[in-house]
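Let's take a friendly walk through this model together.

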Amino acid sequence: MAVLDFYATHPNYNTRIVLNTSHCKENVVSAAAAALDLIKNEQVKAIIGPVTSTQTSFVINLGNQAQVPIISFSATSPSLTSLRIPYFLQFAQTDSSQVKAISAIVKAFGWRQVVPIYIDTEYGEGIIPYLTDALHEVNARVPYRSVIPSSATDGQILQELAKLMTKETRVFIVDMTTDLSSRLFVKAKEIGMMSKGYVWLTTNDILSKLQSQNSTVIDSMQGVLGVQTFVPPTPELEELKIRLKRHFHTDNPAIGAELDVFGLWAYDAVFAVAMAIEQVIGTPTSFPVHESNAASNSSTDLEGFPVSPYGPKLLTALSTVRFDGIAGHFTVVGGKRNSSNFQIVNVNGGGARTIGFWTLKKGLVNTLNSSPGSSKISGSKFEFGPIRWPGDSLSVPKGWEIPTKGKKLRILVPVKADFTEFVKVAKDPKTNTTVVTGFSIDVFKAAVKLLPYDLPHELIPFAKSDGTSNGSYYQMCYQVYLGNFDAAVGDTIIRADRSLYVDFTMPYSESGVAMVVPVIDFKSKHVLAFLRPWTRDLWLTICFFFVYIGFVVWVLEHRINKEFRGPFLHQVGTSVWFSCSTMVFAHRERVVSNLARFVMIIWLFVVLILTINYTASLSSLYTVEQLQPTVTDIEDLVRSRDNVGCIKDNFSCDLLKQVGFDASKLKEFEKMKEIDEALSKGTAKGGIAAFVHSTPKAKLFLAKYCSKYTLITPIFKTDGFAFVFPKRSPLVADVSQAILNMTGGEEILNLEKKWLKESSCQDSSDATISSNSRGLGSFWVLFLIAGLTSVLAVVIFVASFIYRHWYVLVQPADSESSTWRKIRALFKIFNEKDLDSHTFRRSNHQQDAVMHSPNNFPGALVHPISDHTDQMNSLFIGEQQTSSIVEVPSDVLLPSNTEVVIAVQEMRRTTSNTAQEIELISAAYIAGPDVQTH
């Protein structure tokens with residue numbers, strides 16, 4: 001029919017192809033014999049077929065040797081392409097092209113485990129590597145592979161299906177021949193595997209031939225999902241189907257004619273061969289053949305293959321042919337037909353209904369003609385059309401089932417001597433049964449109630465025959481890893497080393513590791529409590545800045561302010577006193593330079609802030625009860641080599657060893673009473689200085705001994721308590737979701753009130769301790785501003801000083817000693833008064849006024865005040881408003897060699913409303929060889 005249709009639409013073609021059919025049985029030998037007969041005896045130039053992938057894998061080698069293209073329209077195994085046979089053209093779409101569509105379905109429904117069921121032939125095994133890789137890309141695991149022999153009996157199929165029922169996975173992907181798959185689904189329905197909770201996915205081959213199956217097979221496949229190669233509906237396709245039915249009904253009225261996708265691919269293959277023949281030959285003539293030294297042309301042995309001279313050209317023509325075929329656009333790339341789109345179908349009723357599509361570019365979409373904005377990319381949340389699941393269920397199966405066949409989930413619980421508020425294992429004397437209670441157990445039971453399915457389970461204590469603990473939490477988790485138990489429920493901390501071999505749910509308690517330490521009242525017991533408002537580093541910084549600011553002010557004031565001059569010790573004392581007195585704003589010395597005033601403005605602001613903070617902190621310290629922990633940092637315990645307590649066989653002991661504690665300094669306990677006694681003794685008496693445990697249990701201990709201890713938290717970071725399951729268990733996600741739903745409501749709070757006592761003690765966290773003692777970090781910006789300001793002032797002063805006395809430095813220097821003398825000269829100038837400053841210029845003007853005063857006695861020799869006046873050699877005469885001069889009595893004769901020296905000590909100008917007076921305070925010293933002054 002394809003040949004007739006082609007030449008009916010291409011009447012101008014010069015060539016005509018003739019089909020020579022050779023039927024082969026469903027085995028490799030008959031297929032090879034038929035191909036050999038066609039090549040040697042019929043001298044065909046191309047072979048369309050054979051049907052199965054196994055037959056094709058052998059026949060293509062014969063075609064390659066004779067240079068006769070082998071064109072397959074039904075062999076879909078990806079392994080055929082990997083053989084890299086140049087004369088093999090796969091016009092059927094390979095199975096590897098549909099694995100992406102299948103994995104997209106798995107991801108869309110969130111299934112995490114999938115079991116493939118396939119036939120043990122090259123056809124079935126060829127797709128498995130591609131399917132496994134595609135499932136891994138969407139985080140779906142393949143825990144088991146079910147292989148069905150091609151010659152399997154019904155008993156063997158039932159045996160394999162029964163094995164699958166004992167496993168937790170309920171999602172199956174079937175890839176096998178149509179005959180074997182029909183028997184598989186019938187047996188699966190017989191044993192109840194086509195009921196609610198199961199998921200069945202099939203590949204393209206099975207659903208493409210669904211219409212050819214009988215009603216029993218179709219009825220057993222209700223609820224199956226699968227992928228089908230999408231063939232766009234066209235008028236030509238509908239007309240072909242009508243003609244095909246009419247033709248088959250005339251010749252074979254008892255046989256129903258349904259054209260599947262493989263028939264459409266065969267139809268297009270005939271068109272492609274006819275086009276290629278016309279392109280290569282072009283004129284109707286016989287095909288010349290190069291004969292080999294064969295003994296007989298009619299033989300079918302493997303010797304003496306004729307080689308087709310048109311093989312290479314015909315292969316090239318077939319690889320480049322392009323046309324719109326009955327199954328869609330026809331293109332050959334790399335020896336394979338271009339990939340088509342897939343439709344996602346659901347077996348419902350008497351056929352398959354389309355519920356979505358998958359394309360290579362867009363992934364899952366609802367319609368193929370949808371706009372890019374309305375399409376859904378594979379992997380995102382996608383809404384399929386209405387789906388009928390196995391068992392006539394409308395809800396999406398979760399994809400797994402635990403347990404199966406009435407088996408209960410075996411769950412381990414820890415056995416402890418104390419802290420039983422979380423997990424308590426006890427014997428009921430009346431029934432002699434084990435009763436497990438506690439906060440962790442109630443949380444697990446509440447989470448199970450929130451699951452959308454029943455989860456039968458039994459709690460098994462992790463104990464020895466005598467009822468004591470059978471090991472640590474690590475050993476309990478390891479039992480789950482070994483598969484001896486299905487889960488572990490209790491106060492198990494999430495740890496990185498444990499997560500290597502088990503999975504944890506979301507935590508249901510707060511995280512962290514805390515430290516319990518004794519408390520003391522610092523207000524009554526600490527003699528240096530007045531130092532506590534500030535930390536040591538802040539005290540040292542303040543002391544440094546007092547000295548530093550005093551030095552800066554001295555540098556700026558030394559040359560122009562007499563209050564900062566005098567003997568060395570006097571200058572040091574004045575500078576330190578001036579700076580320290582600013583703490584209480586009691587400084588009496590005046591600063592006269594603008595640079596010093598600028599520095600003091602900034603420094604007084606800093607002092608004001610410090611004073612306010614210290615006053616507030618000290619007031620709080622002496623008026624409020626100060627119960628503070630004896631230790632606030634775990635590192636202090638390491639340095640002091642104190643004993644630290646932890647729970648026996650608990651991870652906290654390992655944490656302490658990791659931070660540097662010696663094993664001899666770690667004391668293990670089991671009961672709260674023992675811990676209390678050890679903390680009361682302290683390290684000096686053989687006890688412990690601190691107790692380290694998880695935060696929830698440390699708070700439980702503190703609730704019982706509130707008045708004696710406090711909590712330092714957190715000292716280590718952990719992820720809280722959680723439940724333990726095997727790696728990749730599907731229960732982890734569901735239980736975690738249930739825990740999140742529960743912790744967001746009041747139920748978890750009610751359970752905490754029921755089991756965990758609330759403590760009225762206030763936690764002494766690191767943040768609280770640091771708030772009592774302010775450190776340098778609270779004021780570093782102020783000190784930075786004060787430091788930069790003072791440095792800037794000194795730099796300006798030094799630059800100005802060097803500029804004014806540059807003549808000292810520019811004098812010629814012949815040696816290093818000359819340079820050193822220049823530097824010494826600068827320091828000497830710095831140590832002298834700056835007589836050009838406004839302060840000393842005013843003093844000179846006042847002295848001139850005294851010299852020209854009419855009250856001066858004649859002959860008095862007045863010398864200006866020298867630097868020696870700074871050494872307190874002057875005589876102070878009280879503060880008087882009238883001027884007075886000490887005069888020498890008239891009856892005393894002064895010798896000729898006597899010198900009269902009048903030292904003017906101070907001149908002050910006072911102003912009144914009526915007049916301006918000049919007050920001179922002077923002292924006269926008369927010196928002579930024979931005269932003494934009393």
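Begin at helix H14, residues 311-320, where Gly311, Leu314, Leu315, Ala317 and Leu318 are buried. These residues span an arc of only 165° around the axis, so they sit on the same side of H14. What do the buried residues of H14 pack against? Their partners are strand S2 (70-72), strand S3 (88-90), helix H13 (261-280) and strand S11 (332-333). Please keep in mind that what you are looking at is a predicted model.

The protein chain holds 31 helices and 31 strands. Of its 934 residues, 46% count as buried. Among contacts in the chain with a separation of 6 or more, 71% are between residues 24 or more positions apart. The chain exposes about 48100 Å², and carbon and sulfur atoms supply 55% of that area.

Now find strand S6, residues 171-175. Is S6 largely enclosed or left open? In S6, 5 of the 5 residues are buried, so the strand is largely enclosed by the rest of the structure. In a regular strand, side chains alternate between the two faces of the sheet. You can follow this along S6: Val171, Ile173 and Asp175 point one way, Phe172 and Val174 point the other way, and all are buried.

Which strands pair with S6? One is strand S4 (residues 115-119), joined to S6 in the parallel sense over 4 bridges. Within this pairing, Ile117 has Val174 of S6 as its bridge partner. Another is strand S7 (residues 199-202), which runs parallel to S6 and is joined to it by 4 bridges. Here Ile173 stands opposite Leu201 in S7. Strands S6 and S7 also belong, with helix H9 (residues 178-190), to a right-handed β-α-β unit.

Leu412 stands opposite Ala488 in S20.

Is Thr492 buried or exposed? Thr492 is buried, with a relative accessible area of 0%. What surrounds Thr492, leaving aside its neighbours within four places in sequence? Thr492 is in contact with Tyr473, Met476, Cys477, Arg498, Phe504, Gly720, Phe721, Ala722 and Val724.

Finish the walk at another helix, H23 (residues 672-681), where Met672, Ile675, Asp676, Ala678 and Leu679 are buried. They cover an arc of only 165° around the axis, which puts them on the same side of H23. Just after H23 comes Gly682, with a positive phi of about 85°.

Notes. Residues are numbered from 1 along each chain as its sequence is written. This is a predicted model: local features need pLDDT of at least 70, side-chain atom pairs count only at pLDDT 80 or more; totals for chains, interfaces and linings use all residues. Side-chain values use heavy atoms; hydrogens and water are left out. Buried means under 20% relative accessible area, exposed over 50%, partly exposed in between (1.4 Å probe, protein chains only). Helices (H or I, at least four residues) and strands (E, at least two) are DSSP runs, numbered from the N terminus. Two strands pair if DSSP finds at least two bridges between them. A crossover is right-handed if, with the strands pointing away from the viewer, the path from the first strand over the helix to the second runs clockwise. The arc is that of the directions from the helix axis to the C-beta atoms. Contact means heavy atoms within 4.5 Å. Accessible areas come from the Shrake-Rupley method with a 1.4 Å probe; for residues, only the protein chains shown count as cover.
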